Amino acid sequence: MKDELVDRIENNPKYQELVSKKNSFGIKLGVFVLVMFYTYIMVIAFNKEVLATTIGDGVTTIAFPIALAILVISFITTLIYVKRANGEFEDLTNDIKDDVKDLL
């Protein structure tokens, strides 16, 4: 019974679409965040003077607002993924469940 259920789910075109969309979207967001983080680290490692530029009162450097922006952008990308997962991905998952309901 379980083998039949697994085969039916794996052969479902909606399952293939779900896997493809989730993997593609996850990789794109992951690469975006990693590039952002590692670019910041590389600038720290190889061009400290850029981030050592003082702003405002002369005490704060430009590194602080950039780091804060990176954290906010990372949070926003997480929200984007969760919103899509709870919308489009959840709808596809429910469609797949409906298609195999007779085997459960």
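Student: Which residues make up the largest nonpolar core?

Tutor: A nonpolar core is a set of buried Ala, Val, Leu, Ile, Met, Phe, Trp, Tyr and Cys residues joined through side-chain atoms within 4.5 Å. Buried means under 20% relative accessible area, exposed over 50%, and partly exposed in between (1.4 Å probe, protein chains only). Here the largest such core has 7 residues: L18, F25, L29, A85, F89, L92 and I96. Helices α2 and α4 (63–99) each supply at least two residues of this core, and α4 gives the most, with 4 residues. A second, separate core has 5 residues, among them M36, Y40, L51 and A63.

Student: What are the ground rules for these values?

Tutor: The model is predicted, with local features needing pLDDT of at least 70 and side-chain atom pairs pLDDT 80 or more, while totals for chains, interfaces and linings use all residues. Residues are numbered from 1 along each chain as its sequence is written, and side-chain values use heavy atoms, leaving out hydrogens and water.

Student: Which residues is L29 in contact with, leaving aside neighbours within four places in sequence?

Tutor: Contact means heavy atoms within 4.5 Å. With those neighbours set aside, L29 touches T77 and Y81. For the chain, take contacts between residues at least 6 apart in sequence: 69% of them join residues at least 24 apart.

Student: How do the elements of the chain run from the N terminus?

Tutor: Helices (H or I, at least four residues) and strands (E, at least two) are DSSP runs, numbered from the N terminus. The chain has 4 helices and 2 strands, in the order α-α-α-β-β-α.

Student: Why is the chain said to be more spread out than a compact globule?

Tutor: The radius of gyration is taken over C-alpha atoms, and the globule rule is 2.2 Å times the number of residues to the power 0.38. That rule gives 13 Å for 104 residues, whereas the chain has 22 Å, well over it, so the chain is more spread out than a compact globule. Its C-alpha trace spans about 70 × 25 × 20 Å along the principal axes. Buried residues are 18% of the 104.

Student: Which residues form the nonpolar patch on the surface?

Tutor: Patches take residues with over 30% relative accessible area and no salt bridge, joining like charges within 9 Å and nonpolar side chains (Val, Leu, Ile, Met, Phe, Trp, Tyr) within 5 Å. A salt bridge is a side-chain nitrogen of Lys or Arg within 4 Å of a carboxyl oxygen of Asp or Glu. Accessible areas use the Shrake-Rupley method with a 1.4 Å probe; for residues, only the protein chains shown count as cover. The patch here consists of L34, F37, Y38, I41, M42, I44, F46 and L71, with about 840 Å² of accessible area together. Helix α2 (residues 13–46) contributes the largest share, 7 residues.

Student: Is F46 buried or exposed?

Tutor: F46, in helix α2, counts as exposed because its relative accessibility is 66%.
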